[in-house]
Amino acid sequence: MAKILIVSELNQSSLPKSVTIEILGKCKGHQIDVAFVGAGPSEAGSKMLAEYGAQNILVLKSDKLSSYSCEGYSAAVKEVAKSGGYHYIFTGATAAGKDYFPRLSAELQTGLASDVTNFTWEGDKFFGTRPFFAGKCLAKVEMQGSGPHLISIRPNALGMPTEKAAAAGAGKVSDTAVNVSEVKALVKSIIKAASSKVDLTEANVIVSGGRAMKNAENFKILDELADVIGATVGASRAAVDSGFAPHAMQVGQTGKTVSPSLYIACGISGSIQHLAGMRTSKVIVAVNTDPEAPIFTRADYGIVGDLFKIVPILTKEFKALLGK
Ligand SMILES: Cc1cc2nc3c(=O)[nH]c(=O)nc-3n(C[C@H](O)[C@H](O)[C@H](O)COP(=O)(O)OP(=O)(O)OC[C@H]3O[C@@H](n4cnc5c(N)ncnc54)[C@H](O)[C@@H]3O)c2cc1C
């Protein structure tokens, strides 16, 4: 049985981000602790973690951890990594995970398998799969040396476990004081996005618009569809560079990497750089006037047509279907 630490983050409801539950599901049968940096989960969050097999829930505390910093998070996790005797330390390949895990890996002098999209166990040995060359190739990764081995998991890629752990973990929450020395780069303030929608990287359904949207105003038709089906709206880089959408909405190699259950691409050609960010979506639907558009080679369902006609029809039909 491997000893595993999952470093989790909280969502807006103080529940663990869903990638934590995805990891817990795949690590079933091992001894698993979950750590939070700065603040811990709500009671419902701790209960959920226990149901999926978490033994100890550690809340790493220091007055230097009131807001995110790469140095602070790395120092805090380093301390428990050493004292806890963990074989593997997982986190989500979120904005924070992508930022501080490489630093932690350097500080612990250990390997990091980043942005892993699947993994299996052979006994206590981890075998992972991670995309590279913008998702064109998949590498099989195996960790060598004594560890602790670091692994970051792409959110939504593993899928939620279909059942809870056979034996619930203790889910015992305890504060753990960690020694964080001076943090040189401090976050002074965080400006939250105006949207109350789920972040793109965690969204289960995404509707994205490309250059064909023509202007920012036209994104309203995507917002309307998204509201009906509970989706988050994304954009191609051409749409972002043209000023139709903010960079936070960009999907792709230089934007966000997403793995929703459903990705609807509207007026997006399907460049390699866009595909790099969304090719692990479970079902892809493309709406494009050009039947030769490369997106159709990746799409599960294609609609050849004008998005300005198709999207309002989709919105209307989904409204009727869902009784909204
Ligand atoms: C280093 C680098 C990094 C990059 N990173 C990214 C990235 O992160 N994300 C990203 O998206 N791109 C990225 N790009 C840019 C990428 O190469 C493409 O230029 C970009 O993805 C094209 O965006 P698009 O599909 O919206 O526009 P276009 O390629 O112009 O495609 C528009 C599509 O809309 C269709 N269309 C036109 N009118 C309609 C209509 N009325 N209804 C339906 N369809 C219509 C057209 O047939 C066409 O297929 C990057 C490029 C480089 C070099």
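Analyst: Five strands make an open sheet with parallel pairing, ordered β12-β11-β13-β14-β15. The model is predicted, so local features need pLDDT of at least 70 and side-chain atom pairs count only at pLDDT 80 or more, while totals for chains, interfaces and linings use all residues. Residues are numbered from 1 along each chain as its sequence is written.

User: What makes β12 and β15 stand at the edges?

Analyst: β12 (232-235) and β15 (301-304) each have a single partner strand, so one side of each lacks a neighbour in the sheet. A strand here is a DSSP run of E with at least two residues, a helix a run of H or I with at least four, both numbered from the N terminus.

User: How do you know that β14 pairs with β15?

Analyst: Two strands pair if DSSP finds at least two bridges between them. Strand β14 (residues 283-288) has four bridges to β15, so the two count as paired. In one of these strands, β15, G302 is the bridge partner of A286.

User: Why is helix α9 said to pack on the sheet?

Analyst: Contact requires C-beta atoms, placed from the backbone, within 7 Å. Helix α9 (residues 307-322) touches β13, β14 and β15, so it packs on the sheet. Its direction makes about 135 degrees with that of β14, where axes are lines fitted to C-alpha atoms (for helices over the stretch in contact) and angles run from 0 to 180 degrees between N-to-C directions.

User: Which residues come nearest the ligand?

Analyst: Of the 28 residues around the ligand, these are G210, S236, R237, A238 and G252; a residue counts as near if its C-beta atom, placed from the backbone, lies within 6 Å.

Methods:
Two residues are in contact if their C-beta atoms, placed from the backbone, lie within 7 Å.
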